[in-house]
Amino acid sequence: MRLYMAVTPDRFEFPVFIEESCMVLEQKTGIHHKNISSYISKNQGGNRLGYKFVKVEIQEEETTL
């Protein structure tokens with residue numbers, strides 16, 4: 001599972017929005033999803049935008065009975 005997060009642009013990086021797609025983050029932040037993807041790949045974003053964007057990969061464990 002992949003999550004996209006808009007976090008505070010300070011050293012704490014508190015989550016502001018957590019979504020499963022950049023498109024939903026676009027609706028919530030007003031920043032185009034292509035720009036969000038670019039900021040994530042270049043590790044940019046910050047004070048000017050009001051957010052820093054982060055992508056988090058979560059591995060789901062298989063459950064067996």
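**View A. Salt bridge between Glu 57 and Arg 2 in the predicted model.** Glu 57 pairs with Arg 2 through a salt bridge whose closest N and O atoms lie 2.7 Å apart. The two residues come from distant parts of the chain, 55 residues apart: Arg 2 belongs to strand β1, and Glu 57 to strand β4 (residues 51–57). Arg 2 is partly exposed, at a relative accessible area of 41%.

**View B. Salt bridge between Lys 52 and Glu 13.** The closest N and O atoms of this pair are 2.8 Å apart. Here, too, distant parts of the chain are linked: Lys 52 is in strand β4 and Glu 13 in the loop between β1 and β2, 39 residues apart. Glu 13 has a relative accessibility of 34% and counts as partly exposed.

**View C. Salt bridge between Lys 28 and Glu 19.** A distance of 2.6 Å separates the closest N and O atoms of Lys 28 and Glu 19. Lys 28 is partly exposed, with 44% relative accessibility. Glu 19 has a relative accessible area of 16%, and therefore counts as buried, the cut-off being under 20%. The model has three salt bridges in total.

View D. The side chain of Thr 8 makes a polar contact of 2.8 Å with the side chain of Asp 10. Leaving aside residues up to four places away in sequence, Thr 8 touches Glu 13, Phe 14, Val 16 and Lys 52.

How values were computed: Residues numbered from 1 in each chain as written. Predicted model: local features only at pLDDT ≥ 70, side-chain atom pairs only at ≥ 80, totals over all residues. Heavy atoms only, no water. Polar contact = N/O pair within 3.5 Å; in protein donor to acceptor, adjacent residues only side chain to side chain. Contact = heavy atoms within 4.5 Å. Salt bridge = Lys/Arg side-chain N within 4 Å of Asp/Glu carboxyl O. Helix = DSSP H or I, 4+ residues; strand = E, 2+ residues; numbered from the N terminus. Buried < 20%, exposed > 50% of the residue type's maximum accessible area, 1.4 Å probe, protein only.
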